[in-house]
Amino acid sequence: MSDSNQLEKAHAFFDQLKCEIKSLSREINEHNDGTLHDGFCTKDIEDGWVAYKGLSCGFAFQAEPLCINMTYGPDGPFVGYRVQLMPYQLGSQLAWVDSNHDLRFYSPTHLARYCLETLAARAHDTLPNSRQGNDNINWSAADSYR
């Protein structure tokens, strides 16, 4: 596959990722029984941001070298956990993998779900009243997107 074709597919994947995060966030927020507080905020999704309970996930497309960077952390000052995903060619499809090949994403929906689950997990780990294993988010609505 040519570099320009791979870049084109990567751009399309990233654009679809933003749409999937927004759609999945909306679906989950509709099932908010109060445990989500204000829910996931996607007002800055076009700039690559989704927020939840004072934490954010920033994600950016980078053309050289080709990758998707995701960072999780507090809204400000922004320091946090970083994931860099590089494209991996699987036939005519692109998969996205981290440098250790521990994380693999085959669709924008798969990566969007990871983004929101990781953001929620980080928020619950850092909130003063959170307890390990007490994530009351109803992910069943999101399961249909897998």
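Two strands are taken as paired if DSSP finds at least two bridges between them. Helices (H or I, at least four residues) and strands (E, at least two) are DSSP runs, numbered from the N terminus. The structure is a predicted model, in which local features need pLDDT of at least 70 and side-chain atom pairs count only at pLDDT 80 or more, whereas totals for chains, interfaces and linings use all residues. Residues are numbered from 1 along each chain as its sequence is written, and side-chain values use heavy atoms, with hydrogens and water left out.

Three helices and six strands are found in the chain. The six strands form an open sheet in the order E1-E2-E3-E4-E5-E6, with antiparallel pairing. Strand E1 (49–52) and strand E6 (104–105) lie at the edges and have a single partner strand each, so one side of each is left without a neighbour in the sheet. Helix H1 (residues 3–30) packs on the sheet and touches E1, strand E2 (55–63), strand E3 (66–74), strand E4 (81–90) and E5; contact here means heavy atoms within 4.5 Å. The direction of H1 makes about 165° with that of E2, where axes are lines fitted to C-alpha atoms, for helices over the stretch in contact, and angles run from 0 to 180 degrees between N-to-C directions.

Within the sheet, E3 and E4 are antiparallel and share five bridges; Ile 68 stands opposite Leu 85 in E4. E4 is also joined to E5 by five bridges, again in the antiparallel sense, and Met 86 has Val 97 in E5 as its bridge partner. E4 and E5 form a hairpin with two residues between them, and Gly 91 in the turn has a positive phi of about 65°. Strand E5 (residues 93–97) runs antiparallel to E6, to which two bridges join it. Trp 96 stands opposite Phe 105 in E6. In a regular strand the side chains alternate between the two faces of the sheet.

Several loops carry backbone features of note. The peptide bond from Glu 64 to Pro 65 is cis, with omega near -10°, and Pro 65 belongs to the loop between E2 and E3. In the loop between E1 and E2, Lys 53 has a phi near 50°, a positive value in a residue other than glycine. His 101, in the loop between E5 and E6, likewise has a positive phi, near 60°. His 101 is partly exposed, with a relative accessible area of 37%; buried means under 20% relative accessible area, exposed over 50%, and partly exposed in between (1.4 Å probe, protein chains only).

Buried residues make up 40% of the 146 residues in the chain. Of the contacts with a separation of 6 or more, 46% involve residues 24 or more positions apart. Accessible areas come from the Shrake-Rupley method with a 1.4 Å probe, and for residues only the protein chains shown count as cover.

On the surface, Tyr 88, Leu 90 and Tyr 106 form a nonpolar patch with about 290 Å² of accessible area together. Patches are made of residues with over 30% relative accessible area and no salt bridge; like charges are joined within 9 Å and nonpolar side chains (Val, Leu, Ile, Met, Phe, Trp, Tyr) within 5 Å. A salt bridge is a side-chain nitrogen of Lys or Arg within 4 Å of a carboxyl oxygen of Asp or Glu. Tyr 88 lies in strand E4 and, at 43% relative accessibility, counts as partly exposed.
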